[in-house]
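This report describes parts of a protein model for a reader who has not seen it before. The sequence and structure come first, and the description follows.

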Amino acid sequence: MRIVSRKTLLLFFLPGAIFMAMFLIYPIFKMAIDSFYKFDVYTNEKLFVGLDNYIKAFTDGSFLIPLKNTFIYVFFAVSIETIIGMALALILVNEFRGSKLIRSLLLSPLMIAPIIAGLTWRLMFNSNFGIINQILRNVGILKKATDTITWLADKELALVAAIIADVWLTVPFMMLVFLAGLQSIDKGILEAAKIDGVNFFENLFYIKFPAIKQIILTAISIRLIDAARTFDIIYVMVDEQVTVISTVIYKTLVKYNRTGYASAMALIFIIFFVVFTLVFLRNMWRPSKGGS
Amino acid sequence: MKKSISLMMLLVMVLSLSACNTEQGNVSGSGNEKQTQEEQVQEKVEERTLTILVEAGSPGEIVANDTKSEFEEMYPGVTVVVDPVPYTGIFDKISTEIKSGNIVHDIATLDVLWLSAFKSGIEPLNDYISDDMIADFLPTMLDGGTIENDILGMPMWINSKVLMYRTSLFENEDNKAAFKESFGYELGVPTTWEEYMDVASFFTDKDNNFFGTAVYGANNGDTVCSWLDHASQAGAGPLVLEGNKVLLDDPAYAEAIDFMKKQFDEGYVPADSLSNSSGEVINYFNNGQLAMMLNWSHFYPSAKETLDGDVSVAPMIGGSAGVGATTGPWYEVVLKDSPNKDLAIEYLKFMYERNGNYMEAALKIAGRTSVYEEYSKIEGNEHLQAVLDTLGSPASGNRPNTPYWTEIEQVLSDAIHFAMAGELTAEEAMKDAKERIEGIIK
């Protein structure tokens, strides 16, 4: 016998469903419709243009270049964050004097809003008075006081600068998740492996990584989605040189008043992520495959 | 029993939702039943709120706050709310309000660049602005604020770039002699492109991190504006567009890029010029690293103070078409769907009468000729005469009134930046930009 009836459950579900329908389903539906129209910039009257906005998106640099930048940004940022995050977690999982203090300090970037981090890094990368160039001078990479690297004036360097800022901001998250995973491994297994004489790499690749595989994949999937929709850092730090999908959609809609084209780009972006998430999650969480 | 619980829950939910929606109505409806309709209207008139969107930290914000109580005293019951947001936030907010039809602000302070994009949502002021008022508008102010014969904005201030230089360097006898020996004529404040290059070359001392001048190379609107200054000096006009015709095949545009690029290639400007715009340039100047610069006139008072008075100002330089500059006027506009339109128009008139207050605020600039002339007589305001001379030149003008300007500006900004970086020639950059702009406005 059920404690709560199906109808009562539905009533509990209803407010959430209404909210989702109003603020998620309806906007996406409206966006999908808008993507087939062109809007007059003066009167906002709409003209049906069929698939023109989609054809433009897949043939025009205004979408393809930001798409390429987004892939580069996501690939390098998440890869570097994963490697550094794991390295730090492996160090900090061993308790040593001051490890708790170091762990707390390493977490401090997590407390900073991305927009503030972006503005701070923009100043740090300033070619005239930024600390990055000064450090490069101090270590002798830049020879003269007048030598400078114009980080934010070059498309490639600006993307590198944005990736560095993102890595700084997000490594603590990866470290924290990996650390929690490593601390959850049964100590008995690790001690048994030690008695059996496994070396550091065997311990890592045959015991620790398989044991926290699901955690690693979860952290990476969260970061992949998060990095792909990054807006703040790119917009405040390198928008003059680098556009990614989120910034180009924003500018096309708000600054250029091209509602139809922005809707088409946004819908492509959403579909891509829904498919990605479904595939990724399906492969990750299959209880029949086992795992921790 | 279960059914009753379900019904009760549903009832509570519906009531709470309806309470949210009708909260306002209940207060006036149940609490003031005896109040007549007339009293309610009177109350509504007296308790109006006038909301003004201004750029945070700008003279617009300062003057709006300074005059707020005076306006409220003139119109009892009216509350003036000044809403300061960053520069780009103004565009975003007004764009969203007009598109959604949900008007939050009655008045907005707008850069001339945005007027055409918001034309459909702005109330024309033709019926409220007299000929006497128009006669006192500074040059290019009426033109910039008028679209399809509709005057959309009340002038707040106008600005242009002028030449600022280190007085002591130009008056130094050793410099004068050395310059004459090198170039064959007297060292003076440059008025032409050629003189400007000679002087920039003369004062540049790269080993000591000191440069003759600075150039704008950052990939943003400031660089576009600077390039248009030089294009107008080289004879371009109207700027960029004439109707739907893109004018970038006029050689003046490529000449302007070459003029900027030469300064960069020859090293007369800081090495990081490709990331510099007005903010960075004034930093260099105030740090004592530049002999001269072309920058917005409002930087003059602060530069003079920072450099212990060792700064003078002159009109913008000239090219083959004479002195020319792209102007940067700001306007106060009334949103067409504002519920307080009549009051908002009164506010605009009120502010026009107090246009001199902008001179007293941070930037020391205004929108009326009489105000400029009055304040230019005061010591420390030498930049005002330089602006008047620059604006008075026939080659000076506004950027085109087009709702596509923000997008076009990005295309131009890319083109100038890449040409200066040497990735394209000036002609290639202009050809590419022309095609892209044609794609935008078609």
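## The three-stranded sheet

In chain B, 3 strands make up an open sheet in the order β10-β7-β11, and their pairing is antiparallel. Helices (H or I, at least four residues) and strands (E, at least two) are DSSP runs, numbered from the N terminus, and two strands pair if DSSP finds at least two bridges between them. At the edges stand β10 (292-296) and β11 (312-314) of chain B, each of which pairs on one side only. Neighbouring strands of the sheet are turned by 35 degrees against each other on average, direction ignored.

Strand β7 (residues 161-165) of chain B pairs with β10(B) in the antiparallel sense over 5 bridges, and B:M164 stands opposite B:M293 in β10(B). Helix α12 (residues 278-286) of chain B packs on this sheet and touches β7 and β10 of chain B, with its direction at about 140 degrees to that of β10(B). Contact means heavy atoms within 4.5 Å. Axes are lines fitted to C-alpha atoms, for helices over the stretch in contact, and angles run from 0 to 180 degrees between N-to-C directions.

## Basis of the model

The model is predicted: local features need pLDDT of at least 70 and side-chain atom pairs count only at pLDDT 80 or more, while totals for chains, interfaces and linings use all residues. Residues are numbered from 1 along each chain as its sequence is written, chains are lettered from A and ligands numbered from 1 in the order in which they are written, and side-chain values use heavy atoms, with hydrogens and water left out.

## The five-stranded sheet

Another open sheet in chain B has 5 strands in the order β2-β1-β3-β14-β6, with mixed pairing. Because β2 (79-85) and β6 (154-157) of chain B stand at the edges with a single partner strand each, one side of each is left without a neighbour in the sheet. From one strand to the next, the twist averages 25 degrees.

Strands β3 (residues 107-111) and β14 (residues 330-334) of chain B run antiparallel and are joined by 5 bridges. Within these strands, B:L110 stands opposite B:Y331 in β14(B). Helix α4 (residues 87-100) of chain B packs on the sheet, touching β1 (49-55), β2, β3 and β14 of chain B, and its direction makes about 135 degrees with that of β1(B). Helix α14 (residues 341-353) of chain B also packs on the sheet; α14 touches β1, β3, β6 and β14 of chain B, and its direction makes about 155 degrees with that of β14(B).

## Rings and charges

One aromatic cluster is formed by B:Y87, B:F91, B:W114, B:F118, B:W157, B:W330 and B:Y358. Rings of Phe, Tyr and Trp (its six-membered ring) pair if their centres lie within 6.5 Å; planes under 30 degrees apart count as stacked, over 60 as edge-to-face and the rest as tilted.

The charged end of A:K56 sits over the ring of A:Y261, 4.3 Å from its centre. In chain B, the charged end of B:K161 sits over the ring of B:Y216, at 5.0 Å from its centre. A charge sits over a ring if NZ of Lys or CZ of Arg is within 6 Å of the ring centre and within 35 degrees of the ring normal.

## Two loops

The peptide bond from B:G237 to B:P238 is cis, with omega near 0 degrees. B:P238 is found in the loop between α10 (221-233) and β8 (241-242) of chain B.

B:E148 lies in the loop between β4 (146-147) and β5 (150-151) of chain B. Phi of B:E148 is near 50 degrees, a positive value in a residue other than glycine.
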